[in-house]
Amino acid sequence: MENLFLAIPDKSHEKAYTEMISRWEEIETNINPSLLGRYSDNKKRNLTYAEWLACCEDHRTTGSMLSTGVPCTLYFLINGSGEILGSIEINHANTHRGHLHAGIAPWNRGRGYGKIMLKLALEKCREMGFDKVEICTHKDNIGAIKTILGNGGVLTEEFFENNIWSNRYSIEL
């Protein structure tokens, strides 16, 4: 597969991000992970790229703007051409929804990018000193379940939240 890597968003990604998120928003409104979306509930508008980067920086360093208060780092999955294929968020501590939240752009799904992105994120988690990570997904998200299982995930719990059944998986590092 092509040269894929994870990168923390910065100024150099503005054009690729804007193209990707604009296209994604035309297809669906539920952008995952939610930190990838540019719409601000507080401001009731799309943030400029500079404002969005500032939010990402706050999330990474303090987590003060997040409901969990747990800092997290958002990474883009980027190919050798500089295209953003998706993204993954790593919580710096476990939350009730796990350590990792990910999404592949709709037009890139089903190509194995999710499995590679998760593998790369697990390497970042090892570097952060995690012994294991937990990942939650909706019970009907077959693609995510295959991706998690393909990276060594083990089902540890099924739970019902917000009228949706979800699964929690654990991956030993």
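The points below take up a helix, a cavity, several loop residues and some backbone details.

1. The model is a predicted one, and local features are considered here where pLDDT is at least 70, whereas side-chain atom pairs count at pLDDT 80 or more.

2. Helix 1 takes in residues 14-27, a run of 14 residues. From its first C-alpha to its last, helix 1 reaches 20 Å, which is close to the 20 Å expected at 1.5 Å a residue.

3. Which residues of helix 1 are buried? They are Ala 16, Tyr 17, Met 20, Ile 21 and Trp 24, and because they cover an arc of only 110° around the axis, they sit on the same side of helix 1. On the other side of helix 1, by contrast, Lys 15 and Glu 26 are exposed.

4. The packing partners of that buried side are a helix and several strands: the buried residues of helix 1 pack against helix 2 (49-61), strand 4 (72-78), strand 5 (84-91) and strand 6 (100-104).

5. Leu 36 belongs to the loop between helix 1 and strand 2 (39-40). Its relative accessible area is 0%, and Leu 36 is therefore buried, the cut-off being under 20%. When neighbours within four places in sequence are left aside, the contacts of Leu 36 include Tyr 17, Met 20, Ile 21 and Trp 24, residues that are among the buried ones of helix 1. Leu 36 is also in contact with Ile 31, Trp 52, Leu 74, Phe 76 and Ser 87. As a distance for checking the model, the C-alpha atoms of Leu 36 and Cys 136 are separated by 18 Å, with the two residues 100 apart along the chain.

6. The loop between helix 1 and strand 2 also holds Pro 33, and the peptide bond that joins Asn 32 and Pro 33 is cis, with omega at about -5°.

7. How many cavities of 30 Å³ or more does a search of the whole structure find? The search finds one, and the volume of the largest cavity is about 40 Å³. Its lining consists of Pro 9, Leu 35, Cys 56, His 59, Arg 60, Cys 72, Thr 73 and Leu 74, with helix 2 and strand 4 each supplying at least two residues. Sorted by class, the lining of the largest cavity has five nonpolar, two polar and one charged residues. Leu 74, one of the lining residues, is also among the contacts of Leu 36.

8. Apart from neighbours within four places in sequence, Asn 151 is in contact with Lys 115, Leu 118, Lys 119, Leu 122 and Ile 171.

9. The loop between strand 8 and strand 9 (164-172) contains Asn 162, and Asn 163 lies in that loop as well. Asn 162 has a positive phi of about 55° although it is not a glycine, and Asn 163, likewise not a glycine, has a positive phi of about 65°. Asn 162 counts as exposed because its relative accessibility is 66%, and Asn 163 is exposed with a relative accessible area of 68%; the cut-off for exposed is over 50%.

Conventions: Residues numbered from 1 in each chain as written. Heavy atoms only, no water. Helix = DSSP H or I, 4+ residues; strand = E, 2+ residues; numbered from the N terminus. Expected span 1.5 Å × (residues − 1). Buried < 20%, exposed > 50% of the residue type's maximum accessible area, 1.4 Å probe, protein only. Arc of directions from axis to C-beta. Contact = heavy atoms within 4.5 Å. 1 Å grid on protein atoms, 1.4 Å probe; cavity = no way out; pocket = protein on both sides within 12 Å on 5 of 7 lines; lining within 4 Å. Points joined across faces, edges and corners; volume = space filled by probe spheres on them. Nonpolar A, V, L, I, M, F, W, Y, C, P; charged D, E, K, R; others polar.
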